[in-house]
Amino acid sequence: MPSTSPTNGRIGVLLVNLGTPDSPQTGDVRRYLNEFLTDGRVVDMPAAIRYPLFQGLVVPLRAPKSAKIYQQLWTERGSPLLFHGLDLQKLVQEKLGKNYLVAFGMRYQNPSIEKALQELRDAAVDRIIVLPLFPQYASASTGSVQEKVMEIVSKWWVVPSISFISSFVEVPGFVGTFATLGKEEMAKHDYDHVVFSYHGIPERHVLKGSHNGHCKLGSCCASYTKSNRYCYRAQCFETSRQLGKALGLSPEQYTTCFQSRLQSRLRDPWLQPYTDEVIKEFPAKGIKNVLAFSPAFVADCLETTIEVGEEFKELFEEAGGEHWQLVPSLNTHPQWVETVADMLRQH
């Protein structure tokens, strides 16, 4: 019989991002949206309401429109969120070396978390570190990944030690890489103002996660403390403060706002201010040149390239703006690759 060698303490790493359709065709987009929008952490309605509403009404209406947008986003390599994730996996593996095994999965669709975990299981790693690639913790993103991982491994007969990196807004390399990219753009053009646009979530999600009723959706996010360290809104404002400082900006020179809301369908307030409303007011205030960041995303995707880079640019120019520039995401910038590797080594 062939002999097997021990793992010698090999550590498994699971990098996870949100997900993407298998193709920009309506059928694949529908499958992706069905899985995404029926996740109880994304849409926290009772299942008896959530499934009929989204599978029966919202997704069928939204899928054809979303497919057209994904067709604009798609490249020769496919979905940017996917190929940037696979590239990051390869580069981090090279940085960490043979004592680690790095796998990559998506919370929704492919490659699945289950397949990535099976790869680590087959390699008999001693323990697993899970890094959801969401800088700021939210139940609808990081929390959903954590829940899915535990659901899968709960079915294993032997469960290795598993730990999670829940957020990384305080990691210097995260802010530092965005600042590096921002300074490159600032060297090319003079900007009147900077926008930090984060993915929105319903206000109720923040309130449900509030520690001892700390959150008031107001000035409580003016500082980042033990009481709000898992508050998504507080982490977004802290990211803005750190980025503003790294870019040499005063608080008056930048705005923190939130995008991608579904308020029109759910009739429920999301985190404010809303990016699309804020930027329409800029030109009348004399703000004609804007540099935009999407610091809730570490890889370019529909919400960065299309929503912030194209749709918001159009809204801004229609209101009288002159120049709108999106700072690219971290993707596989060498500084970011080293940051991810360091986070995993230190963890």
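## Helices H4 and H5

H4 and H5 are oblique to each other, because an angle between 35 and 65 degrees falls in that class. In this predicted model, helix H4 (residues 113–122) and helix H5 (residues 139–153) cross at roughly 55 degrees, and their axes come within 10 Å. The crossing has a right-handed sense.

Who touches whom here? On the H4 side you'll find Ile-113, Glu-114 and Leu-117, and they meet Val-145, Lys-148, Val-149, Ile-152 and Val-153 of H5. Sorted by type, the residues of this contact come out as 6 nonpolar and 2 charged, with no polar ones.

## Helices H6 and H8

Another helix pair to look at is H6 (residues 172–186) with H8 (residues 232–246), packed at an angle of about 50 degrees with axes 9 Å apart. H6 and H8 are therefore oblique to each other, and their crossing is right-handed.

H6 brings Phe-174, Val-175, Phe-178, Ala-179 and Lys-183 to the contact, while H8 brings Thr-239, Gln-242, Leu-243 and Ala-246. That makes 6 nonpolar, 2 polar and 1 charged residue where H6 meets H8.

## The open sheet

Now for the strands. An open sheet is built from 4 of them, in the order S6-S5-S7-S8, and the pairing is parallel. Strand S6 (254–259) and S8 sit at the edges with a single partner strand each, so one side of each has no neighbour in the sheet. On average, neighbouring strands here are turned by 25 degrees against each other, if you ignore direction.

Take a look at the pairing of strand S5 (residues 193–199) with strand S7 (residues 289–293): the two run parallel and are joined by 4 bridges. His-193, for instance, has Val-290 in S7 as its bridge partner.

## Helices on the sheet

H6 turns up again here: this helix lies across S7 and S8 and runs at about 160 degrees to S7. Helix H11 (residues 302–318) packs on the sheet too, touching S5, S6, S7 and S8, and its direction makes about 175 degrees with that of S8.

## A stop at Gln-325

Gln-325 belongs to strand S8 (residues 323–326). Is Gln-325 buried or partly exposed? With a relative accessible area of 26%, Gln-325 is partly exposed.

Setting aside neighbours within four places in sequence, Gln-325 is in contact with Glu-185, Tyr-191, Val-290, Leu-291 and Ala-292. As for Ala-48, this residue is 277 residues from Gln-325 in sequence and 43 Å from Gln-325 in space, C-alpha to C-alpha.

Definitions and conventions:
Residues numbered from 1 in each chain as written. Predicted model: local features only at pLDDT ≥ 70, side-chain atom pairs only at ≥ 80, totals over all residues. Heavy atoms only, no water. Axes fitted to C-alpha atoms, helices over the stretch in contact; angles between N-to-C directions. Parallel < 35°, antiparallel > 145°, perpendicular 65-115°, else oblique. Left-handed = near helix turned anticlockwise from the far one by under 90°. Contact = heavy atoms within 4.5 Å. Nonpolar A, V, L, I, M, F, W, Y, C, P; charged D, E, K, R; others polar. Buried < 20%, exposed > 50% of the residue type's maximum accessible area, 1.4 Å probe, protein only. Pairing = 2+ DSSP bridges.
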